Amino acid sequence: TNTTGSTHDKDIWLWCDVPNTSNLVCPPGNKRYSSSKCIECTANTYSPDPSESSSCLSCPKKSTSPAGSTFCSCSEGTYMNSDGDKCLACPTNSTSVKGSTFCTCAGGTYLYSDYSSCVQCPFGTVSRAGSMSPNDCVPCPKRSLSLNEGKACSCEKGYGWEWSGDKEGYCKACPANFY
């Protein structure tokens with residue numbers, strides 16, 4: 001058994017010759033370069049498992065990876081499907097950060113029951129980003145309106161909307177010299 005001197009994802013991988021063959025098995029994130037040498041996969045390619053292959057897999061559209069990767073990360077605004085082979089666009093009123101496997105609904109919306117879209121909260125109600133049900137849409141205080149597509153409630157002059165919990169917000173006094 002040979003061990004690599006390099007690390008990947010903070011792990012040291014072991015690799016071995018395949019029994020009864022002369023083919024070299026390379027650690028994840030690498031490909032076979034010759035009968036005795038492995039090299040890292042290039043950027044935008046990956047190798048998830050130990051392999052005898054002399055090539056790495058290409059990242060799906062809308063994804064990237066650094067050299068030596070064991071997986072690809074979807075771009076911002078997309079998410080990796082459950083099979084791990086496609087980056088899909090987030091539905092309307094939602095977004096994701098790079099590398100996500102899910103999308104988050106924007107403030108003022110909630111996730112529809114079939115998980116296919118983010119639905120606008122009813123007029124006069126607001127919700128935080130990431131809301132999962134219509135129950136997450138909460139009414140604005142008396143004499144207040146929903147603003148900014150349901151992300152905040154209006155407040156009297158000298159006050160601004162602030163969330164204090166998942167479903168709680170209030171009109172908070174502005175700092176001195178602000179209104």
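Of the 179 residues in the protein, 34% are buried, where buried means a relative accessible area under 20%, exposed means over 50%, and partly exposed lies in between (1.4 Å probe, protein chains only). The structure is a predicted model, in which local features need pLDDT of at least 70 and side-chain atom pairs count only at pLDDT 80 or more, while totals for chains, interfaces and linings use all residues. Residues are numbered from 1 along each chain as its sequence is written, and side-chain values use heavy atoms, with hydrogens and water left out.

The protein contains 20 strands and 0 helices; both kinds of element are DSSP runs numbered from the N terminus, with helices (H or I) of at least four residues and strands (E) of at least two. Contact is defined as heavy atoms within 4.5 Å. Among contacts between residues at least 6 apart in sequence, 25% join residues at least 24 apart. The protein exposes about 11,500 Å², of which carbon and sulfur atoms supply 52%; such areas come from the Shrake-Rupley method with a 1.4 Å probe, and for residues only the protein chains shown count as cover.

Rolling a probe the size of a water molecule over the atoms shows where empty space is left. The largest pocket holds about 220 Å³ of space. It is lined by 14 residues, and those closest to its centre are F102, C103, T104, L111 and Y115. A pocket is an open set of points on a 1 Å grid over the protein atoms alone, where a 1.4 Å probe fits, with protein on both sides within 12 Å along at least five of seven lines; lining residues have an atom within 4 Å of a point. Grid points are joined across faces, edges and corners, and the volume is the space filled by probe spheres set on the points. The lining of the largest pocket comprises 9 nonpolar, 5 polar and no charged residues. In this classification Ala, Val, Leu, Ile, Met, Phe, Trp, Tyr, Cys and Pro count as nonpolar, Asp, Glu, Lys and Arg as charged, and the others, Gly among them, as polar.

A search of the whole structure finds 1 aromatic pair. The ring centres of W161 and W163 are 5.7 Å apart and the ring planes stand at 90 degrees, so the pair is edge-to-face. Rings of Phe, Tyr and Trp (its six-membered ring) pair if their centres lie within 6.5 Å, with planes under 30 degrees apart counted as stacked, over 60 as edge-to-face and the rest as tilted. Both W161 and W163 are buried.

W161 is also among the residues touched by C171, together with S154, C155, Y159 and G160, when residues up to four places away in sequence are not counted. C171 belongs to strand β20 (residues 169-173) and is partly exposed, at 29% relative accessibility. S164 is located in the loop between β19 (159-163) and β20. Its neighbours within four places in sequence aside, S164 is in contact with G169 and Y170.

Most residues other than glycine have a negative phi. K62, however, has a positive phi of about 70 degrees; K62 lies in the loop between β6 (57-58) and β7 (63-64). N93 likewise has a positive phi, of about 65 degrees, and is placed in the loop between β10 (87-89) and β11 (94-95).
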